[in-house]
Amino acid sequence: MDEPLSNLDAKLRVQMRTEVRRIQRRIGVATLYVTHDQTEAMTMGDRVAVMRAGVLQQCDKPSVLYNTPNNLFVAAFIGSPAMNLFEATITEDGSLLQLGSQRLPLGEPL
C-alpha cells in the first residue's frame with residue numbers, strides 16, 4: 001500500500017490506522033506499507049525500514065529503531081519531538097567529553 005491514508009483528516013487517519021492493522025492481523029498476510037509519516041510507520045509496523053535517498057539505513061522493530069538507531073539520520077528522523085543531537089569530542093585518553101565550553105568527566109575511559 002502506498003500512502004493509503006495520506007488524504008484523510010487527522011481523526012479519520014487515527015481510526016483507519018487501527019482498522020487497517022486489525023484487518024491485516026485478522027487475515028494474517030504480510031503487508032508492505034509505504035509512508036513518509038513516521039507516526040504511521042511506528043504505530044502500524046512490526047518492522048520498519050528507514051530509507052534515505054533510496055538507501056536502506058536501518059530495518060528493525062519500531063522499539064529498536066527508537067532506542068538504538070544505527071546512525072545519526074535514523075536518530076534524527078525517528079521520534080516526536082525529534083531527538084536533540086549535539087556535536088562533542090572525547091579526549092584522546094577517553095576520560096572527558098568536550099561539549100561546547102563544558103568538559104564532562106566520563107568516569108571509566110572509553
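Keep in mind that the model is predicted.

Now, what does E40 pair with? R13 forms a salt bridge with E40, and the closest N and O atoms are 2.5 Å apart. R13 sits in helix α1 and E40 in helix α2, so the pair ties together parts 27 residues apart in sequence. Is R13 buried or exposed? Buried, because its relative accessibility is 14% and the cut-off for buried is under 20%.

R13 has another partner. D37 forms a salt bridge with R13, with the closest N and O atoms 3.1 Å apart. This pair also links distant parts of the chain: D37 is in the loop between α1 (10-27) and α2 (38-44), R13 is in helix α1, and they are 24 residues apart. D37 is partly exposed, at 22% relative accessibility.

Next, D46. D46 forms a salt bridge with R21, the closest N and O atoms lying 2.9 Å apart. Where do they sit? D46 lies in the loop between α2 and β1 (48-52), and R21 lies in helix α1, so this pair ties together parts 25 residues apart in sequence. D46 counts as partly exposed, at 46% relative accessibility. R21 counts as buried, at 15%.

Back to R13, for the network. Salt bridges with shared partners join R13, R17, D37 and E40 into one network.

Last, the total. How many salt bridges does a search of the whole structure find? Six. Among them are R13 with E40, D37 with R13 and D46 with R21.

Definitions and conventions
Residues are numbered from 1 along each chain as its sequence is written. This is a predicted model: local features need pLDDT of at least 70, side-chain atom pairs count only at pLDDT 80 or more; totals for chains, interfaces and linings use all residues. Side-chain values use heavy atoms; hydrogens and water are left out. A salt bridge is a side-chain nitrogen of Lys or Arg within 4 Å of a carboxyl oxygen of Asp or Glu. Helices (H or I, at least four residues) and strands (E, at least two) are DSSP runs, numbered from the N terminus. Buried means under 20% relative accessible area, exposed over 50%, partly exposed in between (1.4 Å probe, protein chains only).
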